[in-house]
Amino acid sequence: MGTTEEDLTLVWFRDDLRVSDHAALTAARADGRVIAVWIRETRDGQGLGPRPLGGASRWWAHESLAVLHQELSDLGIPLLFAAGEAAAIVPRLANSLGVGAVRWSRRYAPASRALDSQIKSVLRERGFAVHSHIGSLLVEPWTVAPQGGDHYKVFTPFWKAVSGREVGDVLPTPEPQSPIDPSLVESTRDCAAVTDLDGLGLLDGTGTGSGHFAAVRGPRWWQDTIACHWLPGTRAAADQLDDLAVGIDGYSSTRDVPSDANSTSRLSPRLRFGELSPRQLLHAAQTTRSVTSDDRAAWVRQLYWREFSWHLTYHYPDIDYTPIRSEFRNFPYEDDDEALAHWRSGATGYPLVDAGMAQLWETGWMHNRVRMVTASFLTKNLLQHWWCGEQWFWDTLVDADEANNPVSWQWVAGSGADAAPYFRVFNPERQRERFDPDGTYVDGWLPYPPAAAPAPIVDLADSRQAALSAYDRMKNFS
Ligand code: FAD
């Protein structure tokens, strides 16, 4: 090990791209000075590490990291970028910087936890202090269990067990530090994995074209469309936090109205990338006076749905491709590339589904009600495996989340822990009449003029019946 500066800490940023309410950063600054790193991680030979980012998330991460770089720089903290296997990079950097300690915010997907614990052991063996902190959840999965079991499978009892818990105060942004010798940072350039933000290649290969959309509008790049709808980074996130009341006001009655831009908070990418912590949001919601207690309670409950998704993800490795209800391993899904292509490109002939898929393509986000309808249509009316849809969402959502995405897909498909009953097949036409009665949402997003609407690719009644028969076949097989 090189010369060690006892008061210097390496803070490894991952899904926590912020400087306030950041326990690892605060603790590191209490000890002394900080150098930060963010790694574009490649999974190792054993498959350990986070799921590789999808296209829309890569764009978001790139932009958000640019802001974090500036925010940290304002505090005198250099942010290094590296690409490759974290198990090799983190110890090498700790050594070459001569830090006394390494800190990070904990993550909860089993493949990432296993990697983190390996890295922790290696660092400790080499004489570094290592500390991990809570940062992206209100309730860590191992701190809650039902009597006689090791985890909750149903949301309501989970929610009852955790909703009143004290979560502590929001931590302020640390004070700026005295400058770090630039030659120390320069010395890390010898480490092959270290690069600059552009060198991470997050924006490479994100251009794509999808069937109908590409045919109608020509190929384009994620960043050309999504960028018109979002401003990633902590500064825009802070503005959204200040305006939280807008997203909560009326929530209990309007949260299912997809045409209303303010019917939900649209904070999901902020949470996904940790530009805001759930604790900041909980505190802000609790102290927002201008909303009713019903609206506040309904919104906070959704924050805990996110916690529940992580609770399940922690307990079910491979949740992105293994059904929680094991009988669903035998579900007779069909393998129809053409149907999948129609769905992805918003050419099913059902306006609410097609409008939703267009909103996703254009903005990297889709309203929750429409996510449920499009997911039900794919898995039940088209009988395609939920993981085909999960993967498409993974690639196209700016809030694509290792927990919420697979858990929600499994919920809609019926294979999840607290899943919708299988016979609940959303009828996209009835959903449209109910939640978009004046057609504002569909008119705003439909990717074709109504007169040129494609013929519906399936009959709703027949395909519903086929789905229920497939479910019966699965039950008989199990
Ligand atoms: P708000 O309604 O303002 O809620 C505030 C926060 O609570 C959200 O940002 C989110 O973190 C959490 N939340 C709200 N609804 C849910 C829910 N049903 N389940 C879990 N957490 C919730 N959410 C993701 O964050 N990432 C995903 O990849 C994702 N994939 C989904 C896939 C499908 C098929 C479905 C049906 C839902 C998915 N969701 C996902 C959940 C939900 O649709 C989004 O969290 C929500 O639409 C985000 O919008 P918002 O921030 O305006 O939410």
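The protein is divided into domain 1 (1-136), domain 2 (226-315) and domain 3 (326-476), with bounds that come from an automatic or database domain assignment. The centres of domain 2 and domain 3, taken over C-alpha atoms, are separated by 24 Å. Helices are DSSP runs (H or I, at least four residues), as strands are (E, at least two), and they are numbered from the N terminus.

## How to read the model

Residues are numbered from 1 along each chain as its sequence is written. Since the model is predicted, local features need pLDDT of at least 70 and side-chain atom pairs count only at pLDDT 80 or more, while totals for chains, interfaces and linings use all residues.

## Around the ligand

The ligand is surrounded by 28 residues, of which T264, S265, N368, N405 and S408 are the closest; a residue is near a molecule or strand if its C-beta atom, placed from the backbone, lies within 6 Å of it. At least three residues of this shell come from each of domain 2 and domain 3, and helix 12, helix 14 (293-315), helix 17 (368-381) and helix 19 each supply at least two. By class, the shell has 11 nonpolar, 10 polar and 7 charged residues.

## Annotated positions

The unreviewed UniProt entry carries the annotation "binding site" for Y251, T264, S265, R266, L267, S268, W299, D399, A400 and D401. These positions span 151 residues in sequence, and the farthest two C-alpha atoms are 22.6 Å apart, so they do not all gather at one spot. UniProt positions are given in the numbering used here, feature names are shortened, and annotations may be inferred rather than shown by experiment.

One of them, L267, is found in the loop between helix 11 (251-254) and helix 12 (268-272), and it counts as buried because it has 21 C-beta neighbours inside 10 Å. A residue is buried if 20 or more other C-beta atoms lie within 10 Å of its own, exposed if 12 or fewer, and partly exposed in between, with C-beta atoms placed from the backbone. A400 lies in the loop between helix 18 (386-396) and helix 19 (404-413), and with 24 C-beta neighbours inside 10 Å A400 also counts as buried. Leaving aside residues up to four places away in sequence, A400 touches G54, A56, S57, F393, W394 and N405.

## An enclosed helix

Helix 19 is followed by G414, whose phi is positive, near 95°.

Terms used
Contact = placed C-beta atoms within 7 Å. Nonpolar A, V, L, I, M, F, W, Y, C, P; charged D, E, K, R; others polar.
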